[in-house]
Amino acid sequence: MQVVNHWGWAWPAGCAALGLAAGAVANYCILRLPWDEAEGPFATACVGCGRAYGLVAHLPILGVAYRRCRWCRWSRPGWRPGVELGNAALWALLALTDDPWTTAAMLRMLLVTSLLVLAVIDLQHFVLPDVITLPGIVAGIAATLLPGWPVSLVDAALSASIGYFAMMALATAAESYYGEEALGQGDWKLVAMLGALLGASKLLIVLLIANVTGAAVGLLLVAKYGQDGRRKLPLGTFLGAAGILMVFA
């Protein structure tokens with residue numbers, strides 16, 4: 001992808017603003033999707049007392065002024081501005097490296113936001129919602145029909161299928177060896193989504209980066225905390241981060 005300059009700063013600045021708004025929606029998804037519809041907290045109301053937040057509390061960045069509920073003083077998650085600013089930065093970078101006003105460019109922006117949401121959710125809850133991964137697989141295969149999309153239909157379909165069944169086989173072998181679940185089905189579907197959207201060659205790089213990074217983090221935790229540092233790590237977080245990186249490759 002080549003840097004776009006004939007639009008000046010209008011296109012990347014506009015995408016950054018839209019990315020900020022999309023980051024606010026991403027925060028809602030992060031707070032809401034991991035929970036059962038009947039039990040989970042609504043992102044539009046205080047978890048502590050259930051009262052609805054005002055309009056300003058929902059605005060990107062400005063909502064940080066409403067970090068605590070004015071009625072019960074419950075503290076809202078402090079990572080919300082980071083998600084919004086991070087998503088705005090990703091959209092601006094994509095705008096600088098992609099053709100403006102194309103369906104492919106907009107799809108890549110939605111892709112990085114979806115991966116960001118999945119990475120944060122898995123980090124917090126060790127779950128990857130089907131409501132993102134399954135449509136992501138369909139979107140990846142459908143995107144091959146777009147002019148200039150770098151992944152062919154055959155590549156997308158095969159990468160998604162092989163990635164899913166390879167992860168299923170790996171999970172089955174690991175569960176047989178360790179006696180407990182090692183890779184959840186959410187990881188299988190995320191790999192299939194990445195395969196459909198990125199193709200086989202980039203998927204292999206994503207898997208390599210995610211596994212090496214995850215192993216490095218695991219070793220650092222053990223080195224720092226000893227046996228207490230041995231803990232389950234969210235593979236989806238590493239896959240999501242590596243997938244975002246490869247969108248720019």
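Reply: Of the contacts in the protein with a separation of 6 or more, 66% join residues 24 or more positions apart, where contact means heavy atoms within 4.5 Å. This is a predicted model, in which local features need pLDDT of at least 70 and side-chain atom pairs count only at pLDDT 80 or more, while totals for chains, interfaces and linings use all residues. Residues are numbered from 1 along each chain as its sequence is written, and side-chain values use heavy atoms, with hydrogens and water left out.

The protein has eight helices and zero strands, and its elements run α-α-α-α-α-α-α-α from the N terminus on. Helices (H or I, at least four residues) and strands (E, at least two) are DSSP runs, numbered from the N terminus. Buried residues make up 41% of the 249 residues; buried means under 20% relative accessible area, exposed over 50% and partly exposed in between, with a 1.4 Å probe and protein chains only.

Let us look closely at α2 and what surrounds it. Helix α2 covers residues 80–97, 18 residues in all, and reaches 26 Å from its first C-alpha to its last, close to the 26 Å expected at 1.5 Å a residue. The expected span of a helix is 1.5 Å times one less than its number of residues. Which residues of α2 are buried? They are R80, V83, E84, N87, A88, L90, W91, A92, L94 and A95. As background for reading such a list, an α-helix has 3.6 residues a turn, so residues three or four places apart point the same way. The cover over the buried residues of α2 includes α1 (10–32), α3 (103–125) and α8 (235–247).

L93 also lies in α2, and at 45% relative accessibility it counts as partly exposed. From L93 to C15 the C-alpha distance is 9.0 Å, although 78 residues separate the two in sequence. C15 counts as buried because its relative accessibility is 3%.

That leads us to α1. C15 is one of the buried residues of α1, together with W11, P12, G19, A22, G23, A24, A26, N27, I30 and R32, and what covers them includes α2 and α3. The 23 residues of α1 should span 33 Å at 1.5 Å a residue, which agrees with the 33 Å between its end C-alpha atoms. Another cysteine, C29, is partly exposed, with a relative accessible area of 23%. How many disulfides are there? Taking a disulfide as a pair of cysteine sulfur atoms within 2.5 Å, the count comes to zero.

W101 has a phi near 60°, a positive value in a residue other than glycine, and it is exposed, with a relative accessible area of 55%. Just after α3, F126 takes a positive phi of about 55°. F126 sits in the loop between α3 and α4 (130–143) and is partly exposed, with a relative accessible area of 39%.

L123 is found in α3 and counts as exposed at 52% relative accessibility. Leaving aside its neighbours within four places in sequence, L123 is in contact with P234 and T237. L123 and F238 are 115 residues apart in sequence, yet 9.1 Å apart in space, C-alpha to C-alpha.

Finally, here is α8 from another side. Helix α6 (residues 185–198) and α8 pack at an angle of about 5°, with their axes 10 Å apart. Axes are lines fitted to C-alpha atoms, for helices over the stretch in contact, and angles run from 0 to 180 degrees between N-to-C directions. The two helices are therefore roughly parallel to each other; angles under 35 degrees count as roughly parallel, over 145 as roughly antiparallel, 65 to 115 as roughly perpendicular and the rest as oblique. D187, L190, V191, L194 and L198 in α6 meet L235, G236, L239, G240, G243, M246 and V247 in α8. The residues of this contact of α6 with α8 divide into eight nonpolar, three polar and one charged. Here Ala, Val, Leu, Ile, Met, Phe, Trp, Tyr, Cys and Pro count as nonpolar, Asp, Glu, Lys and Arg as charged, and the others, Gly among them, as polar.
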